[in-house]
Amino acid sequence: MEEDVETRKINSSFLRDHSYATEADIISTVEFNHTGELLATGDKGGRVVIFQREQESKNQPHRRGEYNVYSTFQSHEPEFDYLKSLEIEEKINKIRWLPQQNAAYFLLSTNDKTVKLWKVSERDKRPEGYNLKDEDGRLRDPSMITSLRVPVLRPMDLMVEATPRRVFANAHTYHINSISVNSDYETYMSADDLRINLWNFEITNQSFNIVDIKPANMEELTEVITAAEFHPHHCNTFVYSSSKGTIRLCDMRTSALCDRHAKFFEEPEDPSNRSFFSEIISSISDVKFSHSGRYIMTRDYLTVKVWDLNMENRPIETYQVHDYLRSKLCSLYENDCIFDKFECVWNGSDSVIMTGSYNNFFRMFDRNTKRDVTLEASRENSKPRAVLKPRKVCVGGKRRKDEISVDSLDFSKKILHTAWHPSENIIAVAATNNLYIFQDKVN
Amino acid sequence: MFMRGLKRKCFDGEEDIEETLAGIKAIPSYNLQRQSLLDMSLVKLQLCHMLVEPNLCRSVLIANTVRQIQEEMTQDGTWQMINMQNTGQASVDRLVSTDILCRSSREQAEGKHVPGYSTFSKDFEGDQAQDSSETMSTASSVQALRNLQSNVWEMENSQENKGNFQKSLDQIFETLENKSPNSVEDLFSEVDNSYYDLDTMLTGMMSNTKMGHCDGLEPFPSPTTTTSSSNCKSDLNELDHIVEILVES
């Protein structure tokens with residue numbers, strides 16, 4: 001697949017030096033909506049920026065619908081927990097869209113503790129011709145009013161408003177890592193390190209606890225929940241992954257508290273590869289159902305795995321993302337990179353999977369042809385609208401031209417968050433504080 | 001089994017010392033590699049962010065690694081043996097000499113003069129395993145760990161739970177003797193020391209490749225180092241924070 005367009009997130013535009021990045025601008029989540037018309041990003045400063053794809057015009061066929069900023073709003077503010085004397089970060093951990101049911105758009109955004117439902121709506125008309133007040137809003141003197149008129153709606157410049165419609169707070173003791181909208185569109189779940197809660201969109205003061213893995217004695221804690229997602233079609237089924245590399249599939253019909261899983265997915269450990277870091281690198285950082293609902297994909301530190309829901313004892317496919325890091329695990333443990341949580345995504349047809357790596361590299365794996373490619377999201381190394389050149393990391397002694405050696409990789413440039421358009425070959429890649437959007441090349 | 005190339009940089013004659021210890025794996029410096037990993041893990045658990053709630057997943061994974069190392073050391077008999085040595089010669093002086101040991105060889109490499117180096121070398125020659133002194137300093141950092149880890153682990157704990165947790169941590173890490181108040185400074189220097197290692201490594205100031213915990217580690221290229229050193233700087237601020245806590249307690 002060849003890539004085409006590049007768009008940069010509009011931030012700090014008043015700063016001339018493009019390499020300067022404030023921490024608040026670091027993108028922490030990226031998500032297309034169900035039609036792909038909108039793309040939402042959340043950042044460490046608690047802001048949400050929504051991009052909208054412009055309508056394709058016949059005059060400029062080569063600009064196949066670029067994404068422009070549609071709305072920006074502050075979703076979460078930093079808070080202070082007085083009981084524990086700790087700050088609650090405003091960083092947006094996840095954004096999930098609701099399917100569109102009327103003219104307005106709805107999305108869920110969450111930080112560590114609170115989930116919010118936002119309504120994003122357009123206003124392009126305003127009423128004019130009030131009787132009791134004039135155009136500036138000042139009240140008219142009633143004695144001066146001699147006739148009545150009916151206010152009419154006149155067009156105005158488009159205004160996009162975001163309003164918080166629901167705030168789902170105080171239900172999580174630990175940090176929320178995932179939210180997932182159910183296929184019934186009436187409920188959603190939020191998962192933290194030890195518990196998963198089920199919410200109804202209409203009710204903010206109550207939630208059902210459906211998974212609780214907190215041990216009675218916290219000293220016995222050895223495993224945490226790392227990600228959770230609802231099945232795309234079966235509203236009673238969901239999965240959650242753990243820090244020990246296991247996935248549990250639960251059916252909410254069996255009991256109110258889904259502590260007993262219906263299915264348990266775990267790959268047996270390879271004894272020859274065992275080291276002190278085996279458990280850490282097996283910790284699953286992301287789990288995603290395929291669009292078909294037949295498969296789940298998991299991401300651990302070095303690999304992406306595809307599992308068939310009908311086979312629990314091992315994945316059906318394993319893809320090496322950056323196996324050259326296996327010999328560097330000690331250094332990566334020391335600088336904490338080994339704890340980086342990479343996400344993974346399916347394309348619309350479930351034939352290609354994508355995930356990020358270091359040095360602003362991201363990888364795509366074609367499940368059918370078994371081909372894979374490494375690409376780079378970087379302004380320095382590719383011009384806008386140029387086709388991206390595949391990259392290669394060299395592990396051995398001899399480094400070919402254009403290859404990068406493992407030791408030259410920049411571990412501060414990590415691509416943790418990516419998104420794939422639901423039906424087209426358009427991808428969004430978040431590289432620290434920059435957002436890149438790539439499209440298939442048009443011939 | 002363990003990573004190749006994880007070397008302790010401090011001293012010569014490490015190979016000989018390794019061979020004299022009974023029942024230990026034949027791979028040279030494996031024990032030191034493991035010890036280094038244990039120390040690193042304990043430091044990581046200590047220096048979690050104190051302003052924001054620490055990442056529970058990371059803490060759990062590090063703690064599991066520590067447990068794994070401890071289990072293996074118990075199986076090896078290394079833990080028992082070192083524990084016996086601990087009870088035999090528990091003295092603050094030994095901690096100090098370890099600290100000088102690590103500093104002096106690095107500073108030696110940088111051509112600095114370290115006062116008291118001559119007294120140190122007497123201590124060192126007189127005694128056996130570098131291993132055991134390092135484990136003792138580990139023990140003291142475990143002590144500090146106990147004070148702090150209850151904060152890291154369980155934020156909503158009652159006093160009772162904290163006591164229980166400390167007891168089980170005792171079981172995990174073995175009962176260690178109470179150090180004198182002087183050891184507080186030594187704890188701090190122990191922690192400080194490790195971070196000096198990190199800092200040196202990450203900013204690529206190493207004078208020889210043997211420095212640093214990981215042999216395979218090359219100096220990171222400059223874009224990374226600026227980020228890493230700012231991470232180190234924020235970690236050093238946390239260090240101050242922890243010193244405050246230690247001093248107040």
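**Exercise 1.** Find which strand gives the most to the lining of the second largest pocket.

*Solution.* β1(A) gives the most, with four residues. The model is predicted: local features need pLDDT of at least 70, side-chain atom pairs count only at pLDDT 80 or more, and totals for chains, interfaces and linings use all residues. Residues are numbered from 1 along each chain as its sequence is written, chains are lettered from A and ligands numbered from 1 in the order in which they are written, and side-chain values use heavy atoms, with hydrogens and water left out.

Step 1: strands (DSSP runs of E, at least two residues) are numbered from the N terminus. β1 (27-32), β7, β11 (178-181), β15, β19 (286-289), β23 (344-346) and β29 (417-420) of chain A each supply at least two lining residues.

Step 2: a pocket is an open set of points on a 1 Å grid where a 1.4 Å probe fits, with protein on both sides within 12 Å along at least five of seven lines; lining residues have an atom within 4 Å of a point. The second largest pocket has 33 of them, and E31(A), H34(A), R96(A), E229(A) and H291(A) lie nearest its centre.

Step 3: the volume (the space filled by probe spheres set on the points) is about 820 Å³.

Step 4: the lining divides into 16 nonpolar, 11 polar and six charged residues. Asp, Glu, Lys and Arg count as charged, Ala, Val, Leu, Ile, Met, Phe, Trp, Tyr, Cys and Pro as nonpolar, and the others as polar.

**Exercise 2.** Describe the sheet with the order β15-β16-β17-β18 in chain A.

*Solution.* Step 1: the sheet is open and its pairing antiparallel; two strands pair if DSSP finds at least two bridges between them.

Step 2: the edge strands, each pairing on one side only, are β15 (225-230) and β18 (263-265).

Step 3: five antiparallel bridges join β15(A) to β16 (237-242) of chain A. E229(A) stands opposite V239(A); E229(A) is also one of the residues nearest the pocket centre.

**Exercise 3.** Describe the sheet with the order β7-β8-β9-β10 in chain A.

*Solution.* Step 1: this open sheet also has four strands in antiparallel pairing.

Step 2: its edges are β7 (94-97) and β10 (152-168) of chain A.

Step 3: β7(A) pairs with β8 (105-110) of chain A over four bridges, and W97(A) has L107(A) as its bridge partner.

**Exercise 4.** State at what angle the axes of α2 and α3 of chain B cross.

*Solution.* Step 1: helices are DSSP runs of H or I, at least four residues, and axes are lines fitted to C-alpha atoms over the stretch in contact, with angles from 0 to 180 degrees between N-to-C directions.

Step 2: the axes of α2 (30-46) and α3 (56-76) come within 10 Å and cross at roughly 145°.

Step 3: the contact (heavy atoms within 4.5 Å) includes L38(B) of α2(B) and I62(B) of α3(B).
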